[in-house]
Amino acid sequence: MNTMVLELDVRMLPPREKHPVIFMKFDNLKDGELMIIVNDHDPKPLYYQLMAERGNIFEWDYLKDGPDVWRIKITKKGKTIGEIAAEDVRKVKVFMKYGIDFCCGGNKPLKEACTEKGLDVGEVEKALQEIENKKYELNFNNMPLHELTKYIIEKHHRYIKECQDALLGLSEKIAERHGNDHPELLKVNDCLKELIYELNMHLMKEENILFPYIETISINRHAGGGLGMIENPIKAMMHEHDVAGDLIKTIRIQSNQYIAPEDACNSYKALYKLIKEFDDDLMVHIHLENNILFPRAIQMEKAILK
Ligand SMILES: [Fe+2]
Ligand SMILES: [Fe+2]
């Protein structure tokens with residue numbers, strides 16, 4: 001680990017540059033590393049912004065608390081064991097292998113847990129990263145279709161449902177605040193609202209009509225409704241994927257491929273980062289359905305009805 005401590009004196013920086021510079025430096029810190037901020041007033045608003053945008057992954061200590069100079073030590077704690085396990089359940093295996101308590105003792109950062117057990121944190125991080133890299137290596141071509149539908153619902157449908165409120169809220173706020181200077185934000189916001197509305201309708205149809213039918217033919221080997229029946233709802237779903245794809249393309253163009261302008265505030269940048277994640281997830285989601293689930297379901301129905 002780098003033992004050099006970064007001291008950042010922001011007193012000479014123009015006010016609008018202070019937070020972006022601090023965020024950039026903070027993001028570059030590794031887990032367990034720290035930086036010291038020097039300022040001419042109490043940077044408490046920074047604390048709240050950091051907490052809102054990065055979460056509870058840092059410690060905030062006053063080394064000097066005014067009256068003329070404030071020195072704040074910010075230590076990056078990193079995600080807790082519990083958070084890491086919750087984000088990707090397969091990582092539990094790594095914790096089990098190294099005897100790290102991810103359950104009741106999960107409320108501590110990885111580095112701290114490793115130090116307590118005398119483990120090499122780099123080695124554990126590497127094992128976790130290997131799992132991360134295998135994210136999409138599940139063999140969807142051999143997975144039973146009723147498991148594939150459950151996987152899609154659990155991973156991709158759930159993701160949309162869980163992040164949509166925060167995403168729309170942030171987008172609305174940024175459009176309202178910066179829409180005059182950056183009218184493209186208004187377009188991004190409109191498209192995002194339409195996209196999420198359409199996706200909610202779409203998920204409902206998949207979860208209530210199409211996926212239960214696919215699960216029935218996969219588990220019971222029984223098809224109802226005659227040859228080609230499944231092709232019609234699948235065509236409808238694929239058309240809706242195209243509609244969603246067109247909306248996301250417009251968002252990409254309007255957002256300059258999610259590159260925020262020079263004068264963008266941190267919330268603005270965070271919005272683009274979140275939409276980019278949403279876009280990435282949606283592409284994998286649609287790929288799984290269009291290229292794997294749907295063709296296999298059509299084949300299976302045909303085979304049953306033969
Ligand atoms: Fe879906
Ligand atoms: Fe879909």
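Biologist: Is Q257 buried or exposed?

Modeller: In this predicted model, local features need pLDDT of at least 70, while side-chain atom pairs count only at pLDDT 80 or more and totals for chains, interfaces and linings use all residues. Residues are numbered from 1 along each chain as its sequence is written, with chains lettered from A and ligands numbered from 1 in the order in which they are written. A residue is buried if 20 or more other C-beta atoms, placed from the backbone, lie within 10 Å of its own, exposed if 12 or fewer, and partly exposed in between. Q257 has 11 C-beta neighbours inside 10 Å, so Q257 counts as exposed.

Biologist: Where is N256 found?

Modeller: Phi of N256 is near 55 degrees, a positive value in a residue other than glycine. Most residues other than glycine have a negative phi. Helices (H or I, at least four residues) and strands (E, at least two) are DSSP runs, numbered from the N terminus. N256 is found in the loop between α9 (231–254) and α10 (266–305).

Biologist: Which residue in β4 stands opposite D61?

Modeller: Two strands pair if DSSP finds at least two bridges between them. Strand β3 (residues 58–65) and strand β4 (residues 70–76) are antiparallel, with 7 bridges. Opposite D61 stands K73.

Biologist: What is omega of the peptide bond that joins G66 and P67?

Modeller: G66 is in the turn of the β3 and β4 hairpin, with a positive phi of about 80 degrees. P67 lies in the loop between these strands. The bond from G66 to P67 is cis, and its omega is about 0 degrees.
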